[in-house]
Amino acid sequence: MQPRNMSMSGVVDLAAVKAAGEAKQKAEQARAEAARTGQAPVSGARLVFDVDEAGFQQDVLQRSTEVPVVIDFWAEWCEPCKQLGPLLERLAGEYAGKFVLAKIDVDANQMLFQQFGVQGIPAVFAVVAGQPIPLFQGAAPESQIREVLDQLVQAAEQQFGIVGAPLDAQDAGEPAEEAEAPPVPAGPYDALLEAANQALDDGDLGGAVQAYKNVLNDDPANPEAKLGLAQAELLRRVQDLDPQAVRQEAAENPADVQAQIRAADLDLVGGHIEDAFSRLVDAVKRSAGDDREAARLRLLDLFEVIGAEDPRVTAARTALARVLF
């Protein structure tokens, strides 16, 4: 029996994410404003960039764990490329960081051209969580391209929890000291979040869950409330479990997805983060249908508990992509 006052302090410090949460809220607000005005809220300098073979690992593969990377294979002699390229660059600005655009000159990067199996140019691929996804080849109407990009953004978020965000001033190439923002005033939910955090620390899991949900009912994108809710729900799921029985059941029934899910929850609470992620990735790989979806969704839930910036989350997203594609 797990004690009621279990703490998440060994996994993640909720208070420590408050500043990052506020920054993320600002990013969401900037994106909403960009969608309303039809303008990108940041410089497009880092939304569109050239990539060569030497920089592919860092600029594309690593970056694809944080934001979908669309790749435009082009050449100077290709007339359709001269029409498609500027359109993709404009859309990268309009989508305001929901994806970034990497441009690859095929004449200068024959190895990448061959590795992607490109048959002709222009050709457009995407990379999400390190996995290549073909999008389309040749020139296409803007309406169709937008539809493809919308599907890409949606799939990246729903399947891998990868959501791009507008670049901050430092990413856009501006000096950090010039990008200093004024102090952030207290938000309308600060008191409610403090009470919810205290309930979580005190082991009042039902109260914490309800308090975080109250905030999210009015502010669905509130990052601190989303993180707190993920933690509280995890602790509530495991508080009545018998760890020894759960682990024995999971060991004896590797194909039982629900058993693996329960064991993964216990792994995470115990601080065995890689084990929890690996267990669920394996469950996704071995299962199908509703079981596979249940394992995938629980894995995304656990990503929320740890946080998108954690390298263990990044590695697990890549592993998940390998078994899904």
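Colleague: Which side chain does the side chain of N197 make a polar contact with?

Modeller: This is a predicted model, where local features need pLDDT of at least 70, side-chain atom pairs count only at pLDDT 80 or more, and totals for chains, interfaces and linings use all residues. Residues are numbered from 1 along each chain as its sequence is written, and side-chain values use heavy atoms, with hydrogens and water left out. N197 sits in helix 6 (residues 190-202). Its side-chain partner in the polar contact (N or O atoms within 3.5 Å, one able to donate a hydrogen and the other to accept it) lies at 3.0 Å and is E224.

Colleague: Is N197 buried or exposed?

Modeller: Buried means under 20% relative accessible area, exposed over 50%, partly exposed in between (1.4 Å probe, protein chains only). N197 has a relative accessible area of 14%, so N197 is buried.

Colleague: What kind of aromatic pair do F116 and F125 form?

Modeller: Rings of Phe, Tyr and Trp (its six-membered ring) pair if their centres lie within 6.5 Å; planes under 30 degrees apart are stacked, over 60 edge-to-face, the rest tilted. The structure has six aromatic pairs. For F116 and F125, with 5.2 Å centre to centre and 75° between the planes, the pair is edge-to-face.

Colleague: Which residues do ring pairs link into a cluster with F116 and F125?

Modeller: F116 and F125 are both buried. Through ring pairs, the cluster that holds F116 and F125 also takes in F56 and F73.

Technical notes:
Helix = DSSP H or I, 4+ residues; strand = E, 2+ residues; numbered from the N terminus.
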